[in-house]
Amino acid sequence: MDKAAGDLKQALPNVCENVQIHVEIHQKSTSVAKTEDIRMSVLKLLNRHNIVFGDYKWTEFDDGFLNSNVQSVSIVDTDLKLKDRQPIDLSKSNLSLHIFHLHEEGPSSENLEEENEDIIAANHWVLPAAEFHGLWESLIYDTEVKSHLLDYVTTTLLFSDKNVDSNLVSWNRVVLLHGPPGTGKTSLCKALAQKLTIRLSYRYRYGQLIEINSHSLFSKWFSESGKLVTKMFRKIQELIDDKDALVFVLIDEVESLTAARSAFKAGTEPSDAIRVVNAVLTQIDQIKRYPNVVILTTSNITEKIDMAFVDRADIKQYIGPPSTAAIFRIYLSCLEELMKCQIIYPRQQLLTLRELEMIGFVENNVSRLSLVLNEISRRSAGLSGRVLRKLPFLAHALYIQSPSVTMTTFLQALSLAVDKQFEERRKLADCV
């Protein structure tokens, strides 16, 4: 430790030590450097910068080897364990280094042929995918949803490794995220698959994400849907058989299973409708036995989720609209991005909600803009995360249209965009 770092540590008596710190190392696609060489160079970097404040990212290095081979080095997810942005002593922490390449190609389609027509039954990504890079960090929740999901999968692997008898201690490798539309359930499933592929790269060379198109399987082709389900899961089984792969099966809007059962009970669909639902549940029961598969599901209509499926879910996590505090953090991340791209210029210091609380929300030259943002966040309560992340774009499109704008002007435009969003909602409600 150099003298400056030592002086800093003495000035920070509450430095966190002996904590688990995850470091994600994005290796350049053109790099053919050995993993161990990258690891050693990153450890030297961390040794030179061993006091950090929460998450931190390096994209430029004074090491030629790292500049040539590494896109970024990121200390991540410290907020999942540490509630406040505390200084961390890396030299006395348990470091886990995760080195990964991103797969640049987009999703491929899994097509099933029925009556001379191709049905797109699923989308298929190889992970970690460039498309999902940064998605995990963009999802902001009030509760410890992210850490609970990571801990859940860690426990499933532990129980599998220790050969725990699943007849005595039951777990199904099934996650159910439910709540209103626009709260990020599907995005969270994809981000979780990406995160776990990186986090578990020491035991799986890559990940596979299969997003099943429920509407294709459970609507048009009821007469043959049992066969389609079997074909679909046969393809999934081939992926699971590759022990180098960590496989995620994503079933969006899983309540469509219930719709099939309801139609059968009402007599509006042939008996094959119930057979296809049973086929899906049976297939899930079969693949859950494999240690390298996780089944991720979402539902927008909580009361209509099939109880036969609910019983299979280990975790049933509600994902609701963001609170005012979460809205503030979402807006803050959007504004940081716009400042980085110099759409908002010059750069302005914005305080976090925690920092505003520490000064008692007193207005001064430093806090003024942050207090304006806090008020906008308060007025945005009730909007979904999906809408919130669109509003900075709409603010610019509707009220600015200038290549560069000051923070003060942009916040005025954002305020107007929030008002317009609620006005449009009222008009839609009046039309119903």
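Visitor: What are the ground rules here?
Guide: The model is predicted: local features need pLDDT of at least 70, side-chain atom pairs count only at pLDDT 80 or more, and totals for chains, interfaces and linings use all residues. Residues are numbered from 1 along each chain as its sequence is written, and side-chain values use heavy atoms, with hydrogens and water left out.

Visitor: How do helix 12 and helix 16 pack, at what angle?
Guide: Helix 12 (residues 324-340) meets helix 16 (residues 407-431) at about 135°, and their axes lie 13 Å apart. Therefore helix 12 is oblique to helix 16. Oblique covers what is left after under 35 degrees (roughly parallel), over 145 (roughly antiparallel) and 65 to 115 (roughly perpendicular). Axes are lines fitted to C-alpha atoms over the stretch in contact, and angles run from 0 to 180 degrees between N-to-C directions. Helices are DSSP runs of H or I, at least four residues, numbered from the N terminus.

Visitor: Left-handed or right-handed crossing?
Guide: Right-handed. That label applies if the near helix is turned clockwise from the far one by less than a right angle.

Visitor: Which residues make the contact?
Guide: Helix 12 gives Tyr331, Leu335, Leu338 and Met339. Helix 16 gives Met407, Phe410, Leu411, Leu414 and Val418. Contact means heavy atoms within 4.5 Å.

Visitor: And by class, how many nonpolar, polar and charged?
Guide: Nine nonpolar, no polar and no charged residues. Nonpolar means Ala, Val, Leu, Ile, Met, Phe, Trp, Tyr, Cys and Pro; charged means Asp, Glu, Lys and Arg; the others, Gly among them, are polar.

Visitor: New topic. Which helix gives the largest share of the lining of the second largest pocket?
Guide: Helix 5, with seven residues.

Methods. Helices (H or I, at least four residues) and strands (E, at least two) are DSSP runs, numbered from the N terminus.
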